[in-house]
Amino acid sequence: MMRILSLNVGLPREVTWQGKLVTTGIFKEPVNGPVMLRALNLDGDQQADLTVHGGVDKAVYAYPSEHYSYWRTELPGVDLPWSMFGENFTTEGLFEETVYIGDRFRIGETEVIVTEPRMPCYKLGIKFGRADIIKRFLASLRTGFYFAVAREGMVSAGDAVEFIGRDQQEISVADIIRLYAFERRDVKGLRRAIGVEALPESWKGYFQHQLEKQLT
């Protein structure tokens, strides 16, 4: 069964990191009851730096609950409540290897589309209080993924996640992570990724650049 275990929101706050004042929206808390999901975010949720977070393609961030057991082993003694990774949806039954770019799901009253994996930035280091989490997060391939909102509506913790469709061009979230971080010389994979309609243009541009480097 695929479902939302925890629905988490939070507003940007100022924190001190390495002697500097930083504004971040990564601190989120679980909420009870239905919340309105709109084209850009959930009610009660905002992103601090809209140049790299949020927007139509990254309206909602989902993170598999199953990954928490991995991180409890990797980070013994660290408290890891739901929303620790800054996710809006802590999910059950969805994985990077089996969720594909362009997959469409019905959740509560809404419909969402998978767009891209989450790439970690230094604010994940702020949340964990350790800079090494950024490289470890990417290397783990346990990044979670973003949704765009195809139909607005109310969502709640406990809602089922119903698969309703997939793009003909199949490339998984995990494929995108591997091409970005580990398999940049995979010409066939790069071409496949560029052809995925639902993949944001910023990713296609990056992969096109990598492809041109391999072909010249």
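Predicted model: local features only at pLDDT ≥ 70, side-chain atom pairs only at ≥ 80, totals over all residues.

Q: OK. How do β8 and β9 pair, and over how many bridges?
A: They pair in the antiparallel sense, over 4 bridges. Strand β8 covers residues 104-107.

Q: Which residue of β9 is the bridge partner of Ile 107?
A: That's Thr 110.

Q: And what sits between the strands in that hairpin?
A: There are 2 residues between β8 and β9. Gly 108 takes a positive phi there, near 55°.

Q: What about β9 and β10? How do they pair?
A: Antiparallel again, with 6 bridges between β9 and β10. Strand β10 runs over residues 145-151.

Q: Which residue in β10 is the bridge partner of Glu 116?
A: Tyr 146.

Q: Switching to helices. At what angle do α5 and α6 cross?
A: Roughly 150°. Helix α5 is residues 187-194 and helix α6 is residues 201-215. Their axes come within 9 Å.

Q: So what does that make α5 relative to α6?
A: Roughly antiparallel, because angles over 145 degrees count that way.

Q: Is that crossing left-handed or right-handed?
A: The crossing of α5 and α6 is left-handed.

Q: Which residues make the contact?
A: From α5, they are Val 187, Leu 190, Arg 191, Ala 193 and Ile 194. From α6, the list includes Lys 204, Phe 207, Leu 211 and Leu 215. Three glutamines of α6 join in as well: Gln 208, Gln 210 and Gln 214.

Q: How does that split by class?
A: The contact of α5 with α6 has 7 nonpolar, 3 polar and 2 charged residues.

Q: Now α4 and α6. What's the angle there?
A: Roughly 45°. Helix α4 is residues 173-181, and its axis comes within 11 Å of the α6 axis.

Q: And what do we call that arrangement?
A: The angle of roughly 45° makes α4 and α6 oblique to each other. Their crossing is left-handed.

Q: Which residues meet there?
A: Ile 176, Leu 179 and Tyr 180 of α4 meet Trp 203, Tyr 206 and Phe 207 of α6.

Q: How many of those are nonpolar, polar or charged?
A: The contact of α4 with α6 has 6 nonpolar residues, no polar ones and no charged ones.

Definitions and conventions. Residues numbered from 1 in each chain as written. Heavy atoms only, no water. Axes fitted to C-alpha atoms, helices over the stretch in contact; angles between N-to-C directions. Parallel < 35°, antiparallel > 145°, perpendicular 65-115°, else oblique. Left-handed = near helix turned anticlockwise from the far one by under 90°. Contact = heavy atoms within 4.5 Å. Nonpolar A, V, L, I, M, F, W, Y, C, P; charged D, E, K, R; others polar. Pairing = 2+ DSSP bridges.
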